[in-house]
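This report covers the relation between two chains, the contacts between them, and one residue in its surroundings.

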There are 2 protein chains.
Amino acid sequence: MKKILAIDAGGTKITCAIINENGEIINEVEKYSTPKKINDLTQLFKDIITKHETNIDMTAFATAGAVNISNTKVESSTPNMPDGYNQLDFSTLSKKPVFVENDANAAAWAEYKTGSAIGEDNSITITLGTGVGGGFIVNGKLLRGKSGRGGEVGSMKINGKGRICTCKRTDCWESYASGTGLKATAQETAISDNSFKTSIFNSKNPQDITTYDIIEGLNQNDEYSKKVFNIWKKDLITGLINITNIFDPESIIISGGMGKFINTEEIEKTVNDEIVVSPVKIKLAKAGNYAGMIGCALLASEKF
Amino acid sequence: MKKILAIDAGGTKITCAIINENGEIINEVEKYSTPKKINDLTQLFKDIITKHETNIDMTAFATAGAVNISNTKVESSTPNMPDGYNQLDFSTLSKKPVFVENDANAAAWAEYKTGSAIGEDNSITITLGTGVGGGFIVNGKLLRGKSGRGGEVGSMKINGKGRICTCKRTDCWESYASGTGLKATAQETAISDNSFKTSIFNSKNPQDITTYDIIEGLNQNDEYSKKVFNIWKKDLITGLINITNIFDPESIIISGGMGKFINTEEIEKTVNDEIVVSPVKIKLAKAGNYAGMIGCALLASEKF
């Protein structure tokens, strides 16, 4: 059975493990801090690979950013990775095959092969964290598009409220349905809605209200927090309806930090009441923190 | 070479032709009025098939409505087809294989195999007519979803203006970017915008302004008509940006009656300025009026 060295390259830490063709982690997971300079990062990648190279068949990276169609380079990297990351040709890092895939795509593949979407040839994994990411399985294959950049569903415009996204565009789904989006909704609602005046947070400046405050407020049955969360949920649901109508998937898998605050049954019911295709299942992710590593390992083992 | 009897079943007429594996029409196209009763329609289908059956290998239908995953039935039919259309099992109509596919999906396949998207394994065909339809090619395969109903991109919510769609939901892309959408935008703008007062249509009641008026107004350089068309175009572009970011397609092919009023180069430039994936080409459809017949014939010849 093939053994794949899987490396999750993030802005703060680099995680790696050896994974078999079944997506099982077969050694102890290692963690490193992400070096700030590209040369140091490249050297760390090489050191990790050298350490394991005799024991593995290939290396697979899961990383943020847009990966090229041949899975060798991060063409457009995110600001949390060192300058020059988009110049690195991953295939030069090892004598054995090297594969790189976007982490949201890899996570969707892990859910499809080992997680909540097993056997569901049309499934979508949506990551609700600081941003909104998406990985799409269509006819049992990953949707990568012509250039490898497909799946940028966080940039889908879902309404006309005029909110400016971190990408500088307006009304991206990501600017509403992410954790950051919940915070923005909380701040806007604090200014526009009377419920803030009687809220447990009414001594705070609106701009100081956080995502955590709203979650805490929900636990304390605070009316303002419930109102904010309901607006956030409605915006989340609008995007889920859109992708369900386009993809008619068996399931949408929710991963990421915001996932634990939603009631998937309630959301599934609301989505299914609004769609024009057949009912979809909404489920939480199962592949866990290592979904990116597992998914890229499985994709690499299919490719090589 | 296989010969396919292709039948386009629409609400007003039934069109048919014999098509070869290359998507070429090899006999004279026949046209019939669509019977109002399901028994008469079924009999017409049988008569057409009987007439050609010895000369063909299979029959392929392109039709409106949601087609089931096994391509044998229209599970959810549109109001312009006779009652009971969704009960018809197309496979019983002939001793030889019968295939049925949604007309928007079939048209997308025709563009991919013989039209404007040849060789483009990730391409989208958008039909701008009375409504907005979509057919999606992903990794060289048709996106049908789990139930065959995928591609309902006309139901994508794109803004929060609150317009009621013919489907009773609000803010569907279809309610803005279709011909019907242009008319609604014209009527709303006539009421809300001063440009109507000096328009060549200012003697009309706003509710009597038509899609054709606006096109005529564009030709006459009427400011109100230009304003209306620009709003319509912006709503069209919002949807095109959304699907480009999700699918990262080589091309989006525009078909349908409204296609002839748009400048694809200008729209392509605007879309490419706004997307986060790599540039897309926007092109007009080439497969023509018989795209549905050609596409379903080619899909059937792949299946059987």
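## Symmetry

Copies are superposed by least squares on the C-alpha atoms of residues with pLDDT of at least 70 in both. Chain A is brought onto chain B by a rotation of 180° with 0.0 Å of shift along the axis, at an RMSD of 0.0 Å. That is the relation of a two-fold axis. Within chain A, the C-alpha nearest the axis belongs to N159(A), 1.8 Å from it.

The model is predicted: local features need pLDDT of at least 70, side-chain atom pairs count only at pLDDT 80 or more, and totals for chains, interfaces and linings use all residues. Residues are numbered from 1 along each chain as its sequence is written, and chains are lettered from A and ligands numbered from 1 in the order in which they are written.

## Interface

Contact between two residues means that their C-beta atoms, placed from the backbone, lie within 7 Å. By this criterion, 35 residues of chain A are in contact with 35 residues of chain B. Helix α6 (residues 223–247) of chain A gives the most to the side that touches chain B, with six residues; helices are DSSP runs of H or I, at least four residues, numbered from the N terminus.

The side of chain A that touches chain B divides into 12 nonpolar, 13 polar and 10 charged residues. Nonpolar covers Ala, Val, Leu, Ile, Met, Phe, Trp, Tyr, Cys and Pro, charged covers Asp, Glu, Lys and Arg, and the others, Gly among them, are polar. Since 100% of the interface residues of chain A are also interface residues in chain B, the copies meet through the same surface.

## T264(A)

T264(A) lies in helix α7 (residues 264–274) of chain A. Leaving aside neighbours within four places in sequence, T264(A) is in contact with I254(A), I282(A), K283(A) and L284(A).

How values were computed:
Helix = DSSP H or I, 4+ residues; strand = E, 2+ residues; numbered from the N terminus.
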